[in-house]
Amino acid sequence: MQFRLFETAVYTRRRSQLIKKMSSGLIILMGNEESSMNYKDNWYPFRQDSNFLYYFGINTGSLAAVIDADSGEEIIFGNELTIEDIVWTGPLPSLGEMAAAVGVSKTKPYNQIETIIRNAINSGRQIYFTPPYRPENKIKLAQWLQVAVDAVSEMASVLLIKAIISQRESKEECEVEEMHKASIISADMHLAAMRYAKAGMKEYEVMAKVKEAAYAQNASLSFHPIVTIHGETLHNVYSGNTIHEGQMVLCDAGAATDMNYAGDLTCTFPVGKKFTDKQKEIYEIVLHAHQTSVAMLKPGVLFKDVYLNAAQKIVEGMQQVGIMKGNAAEAVAAGAHAMFFQCGLGHMIGLDVHDMEDLGEPYVGYTDELKKSTQFGMKSLRLGRALEPGFTLTVEPGIYMIPQLMDKWEAENKFTEFINYNALQHYRDFSGIRVEEDYLVTETGCRLLGKKLPIKVAEVESVRSEYLS
Ligand SMILES: [Mn+2]
């Protein structure tokens, strides 16, 4: 096999649980196709669909599967390699061999899936599938179901979405092991940055080291990394700036193991040996928000409340440095903290870096009773609901100084009872700080995934000093 699998029983158990949850109907699980970059045969790195990986494990393109929840029959659809294919690919295991490795005894040519689906529809059976996010799968489903392409997503099954989430949200022992591995490699990516960045370099030189640390360990990137002196820009993809003494580098990067389990960490470190006093002050606020939030993680706790704790700690810290004022709890309730903390506190992580986001945030991070806030800041919180043992998630508070937001709110006289706009002027070019780690929720609390990155001011400065002297 050219890809790694868990034991066969892992996949058969997952599918039989899914059948039990769905009880009847035909479940379609779409694999992904190779995806063209600039012409047909020049592909992006292949990425299998995560739901397909979870139930069928096979990490090659152009497959689909059905699970008949009434009869229990499972079929993987795909085409065997022809001799013309083998000239290019070399000999690979047959579809039958790959299917057997995940406990599926029946395979059929890809084009036969259409007949099976049509027959099921014609006999009035329920068809279940997840929301397709790739155009080619949308088009295929539209053809099989004989509906317009635009109509497909709305036909996705909430029942199936909820069933899959109820399984994937709680990580099995074998998955936790992969998550540890992903976090360890991710930590190495960050250590590589901390032990390489120097004044005068370009951001992309540091970025290259970050990527190398993943690829050198047979891992890939769980998302496109951020390596920037402009940490205040939340998803900064530009990395062409020169880094200067006195600035900070924010690095947000994660590895995906060869089985596609993701890590996602962020560190912020000084370009020189030490943070400036001003940077240290703000860093300590972020770190305090982080550590008090981590201390709250245990089953039953609403992650929304953990977010509110982080917001409260950020406001209290900003009051101590004179940037905020007034009642801290009221400031958080009003949303004034979002001047500095415009995003969420974290998200589920697993086979996807934002785990199961293809299935829809309202189902992954919230419940029928607990809906997402619409307030600026909190509306970006991807996870709000109560934690359960086996959840793996990120904790990533930050403080981001965005001059455009300062100007806009000040011009609107927004939150003048909570924000000292005069004091804030001294932070226009401060950039941003984020600290992010990955955790597993246990029966009684939480456990760090992977290995500890230098995170305290003294630890970060010691790594930087050691390297720079
Ligand atoms: Mn993250």
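Helix 11 and helix 12 cross in a right-handed sense; a crossing counts as right-handed if the near helix is turned clockwise from the far one by less than a right angle, and left-handed if anticlockwise. Helices (H or I, at least four residues) and strands (E, at least two) are DSSP runs numbered from the N terminus. The axes are lines fitted to C-alpha atoms, for helices over the stretch in contact, and angles between N-to-C directions run from 0 to 180 degrees. Angles under 35 degrees count as roughly parallel, over 145 as roughly antiparallel, 65 to 115 as roughly perpendicular, and the rest as oblique.

The model is predicted: local features need pLDDT of at least 70, side-chain atom pairs count only at pLDDT 80 or more, and totals for chains, interfaces and linings use all residues. Residues are numbered from 1 along each chain as its sequence is written.

On the helix 11 side, I285, H288, A289, T292, S293 and M296 meet V306, N309, A310, K313, I314, G317 and M318 of helix 12. Two residues are in contact if their C-beta atoms, placed from the backbone, lie within 7 Å. This contact divides into 7 nonpolar, 5 polar and 1 charged residues. Here Ala, Val, Leu, Ile, Met, Phe, Trp, Tyr, Cys and Pro count as nonpolar, Asp, Glu, Lys and Arg as charged, and the others, Gly among them, as polar.

| Pair | Axis distance | Angle |
|---|---|---|
| Helix 9 and helix 10 | within 8 Å | roughly 150 degrees |
| Helix 1 and helix 8 | within 10 Å | roughly 140 degrees |

Helix 9 (residues 173-194) and helix 10 (residues 203-215) are roughly antiparallel to each other, and helix 9 passes helix 10 in a right-handed crossing. The contact is made by I185, D188, M189, A192 and A193 of helix 9 with V206, K209, V210, E212, A213 and A214 of helix 10. Its residues divide into 8 nonpolar, no polar and 3 charged.

Helix 1 (residues 8-22) lies oblique to helix 8, and this crossing is also right-handed. R14, Q17, L18, K21 and M22 of helix 1 contact L159, L160, A163, S166 and Q167 of helix 8. By class, the residues are 5 nonpolar, 3 polar and 2 charged.

The protein is divided into domain 1 (8-168) and domain 2 (173-468), with bounds that come from an automatic or database domain assignment. Their centres, taken over C-alpha atoms, are separated by 35 Å. In the interface, 13 residues of domain 1 are in contact with 12 residues of domain 2. Helix 2 (50-56) and helix 8 (158-168) are the elements that give two or more residues to the domain 1 side. The largest share of that side, 5 residues, comes from helix 8. The domain 1 side divides into 9 nonpolar, 2 polar and 2 charged residues.

The protein as a whole has 17 helices and 17 strands. Its radius of gyration is 24 Å, close to the 23 Å that the globule rule gives for 469 residues, so the protein is as compact as a globular protein of that length. The radius is taken over C-alpha atoms, and the rule is 2.2 Å times the number of residues to the power 0.38. Along its principal axes the C-alpha trace spans about 70 × 50 × 45 Å.
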